[in-house]
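Subject: Handover of a structure for your attention

Dear colleague,

Please find below the structure that I am handing over to you. My findings follow after it.

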Amino acid sequence: MARLPAGVVVVSSRLDGEYRGMTVSSLVSISLEPPMVLVGLERESATRAAVLQARAFNVSVLTRSQEFLADRLSGRAPAIDPSWSTLPHHLGANGIPLIDGCAAWLECRLDQVHEAGDHDLFVGHVESVAAGSGDPLVLWDRAFWTLR
Ligand SMILES: Cc1cc2nc3c(=O)[nH]c(=O)nc-3n(C[C@H](O)[C@H](O)[C@H](O)COP(=O)(O)O)c2cc1C
């Protein structure tokens, strides 16, 4: 799978009033009408538990200049506090945070959960979208790239 290029996003949600978020490369678009996306979240992740509690998740599509955030939200850099006080963000209409300065944002209502090995597949109904700007952050061959 390292040879398959993938976009890099942050999936976020809320658990007991605290924010959770993780770097994810498994986001795919699966339906246009209604608009639906799918993400695979590992069973042990805190974000998975938050999505199950909130029954909703948001997606922040990272740009090349946000590579450091992909590291921070994957446990490769100092952890982010539960109020995201050091992470520039804004809240979606669903009260779940979105990272500032991204290429795009999605707000999703959890529609289905499917068990798949050590991950769960979360199908989200996209309730709102917004486009930002910036070159995409791409994962390929276990490293970050961009398209130009
Ligand atoms: C580039 C990249 C892509 C990742 N993609 C996924 C993914 O699609 N699904 C997943 O469960 N974990 C993925 N991870 C690992 C999670 O980001 C990592 O386990 C994270 O620490 C989980 O955070 P949490 O326990 O706070 O929710 C990825 C990590 C990196 C660096």
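What covers the buried residues of α1? I shall return to this question once the setting of the helix has been described. Please bear in mind throughout that this is a predicted model.

**The chain as a whole**

The chain contains two helices and 12 strands. In sequence order these follow the pattern β-β-β-β-β-α-β-α-β-β-β-β-β-β. With a radius of gyration of 14 Å, close to the 15 Å that the globule rule gives for 148 residues, the chain is as compact as a globular protein of that length. Along the principal axes, its C-alpha atoms fill a box of roughly 35 × 35 × 30 Å. Of the 148 residues, 32% count as buried. Among contacts with a separation of 6 or more, 64% are between residues 24 or more positions apart.

**The seven-stranded sheet**

Seven strands make up an open sheet with antiparallel pairing, in the order β3-β2-β6-β9-β10-β5-β4. At its edges stand β3 (18-24) and β4, each with a single partner strand, so one side of each lacks a neighbour in the sheet. On average, neighbouring strands of this sheet are turned by 35° against each other, direction ignored.

The individual pairings may be followed across the sheet:

- β2 (residues 9-15) and β3 are joined in the antiparallel sense by seven bridges, and Leu 15 stands opposite Glu 18 in β3.
- β9 and β10 pair in the antiparallel sense over 12 bridges, with Arg 109 opposite His 125 in β10. These two strands form a hairpin with two residues between them, and Gly 117 in the turn has a positive phi of about 60°.
- β5 and β10 (residues 119-131) run antiparallel and are joined by seven bridges; here Met 36 stands opposite His 125 in β10.
- β4 (residues 28-31) and β5 also run antiparallel, with three bridges between them, and Val 28 stands opposite Leu 38 in β5. They form a hairpin with four residues between the strands.

Strand β5 (residues 36-42) shows alternating side chains.

Helix α1 (residues 46-54) packs on the seven-stranded sheet. It touches β2, β3, β5, β6 (56-61), β9 (104-116) and β10, and its direction makes about 55° with that of β2. The buried residues of α1 are Thr 47, Arg 48, Ala 50, Val 51 and Ala 54. They lie on the same side of α1, because they cover an arc of only 160° around the axis. This brings us back to the opening question: the cover over these buried residues includes β2, β3, β5, β6, β9 and β10. Just after the helix, Arg 55 takes a positive phi of about 55°.

**The nonpolar core**

The largest nonpolar core has 29 residues. Those with the most contacts inside it are Val 9, Val 10, Val 11, Phe 57, Val 59 and Leu 62. At least two residues of this core come from each of β2, β3, β5, α1, β6, α2 (67-72), β8 (97-99) and β9. The most is given by β6, with four residues. Val 59 is in contact with Val 9, Val 11, Leu 27, Trp 105, Leu 106 and Cys 108, leaving aside its neighbours within four places in sequence.

**The three-stranded sheet**

A further open sheet has three strands in the order β1-β11-β12, with antiparallel pairing. Its edges are β1 (6-7) and β12 (143-145); each has a single partner strand, so one side of each is left without a neighbour in the sheet. β11 (residues 138-140) and β12 pair in the antiparallel sense over three bridges, and Trp 145 in β12 is the bridge partner of Val 138.

Yours sincerely

Conventions. Residues are numbered from 1 along each chain as its sequence is written. This is a predicted model: local features need pLDDT of at least 70, side-chain atom pairs count only at pLDDT 80 or more; totals for chains, interfaces and linings use all residues. A residue is buried if 20 or more other C-beta atoms lie within 10 Å of its own, exposed if 12 or fewer, and partly exposed in between; C-beta atoms are placed from the backbone. Two strands pair if DSSP finds at least two bridges between them. Axes are lines fitted to C-alpha atoms, for helices over the stretch in contact, and angles run from 0 to 180 degrees between N-to-C directions. Two residues are in contact if their C-beta atoms, placed from the backbone, lie within 7 Å. The radius of gyration is taken over C-alpha atoms; the globule rule is 2.2 Å times the number of residues to the power 0.38. A nonpolar core is a set of buried Ala, Val, Leu, Ile, Met, Phe, Trp, Tyr and Cys residues joined through C-beta atoms within 7 Å. The arc is that of the directions from the helix axis to the C-beta atoms.
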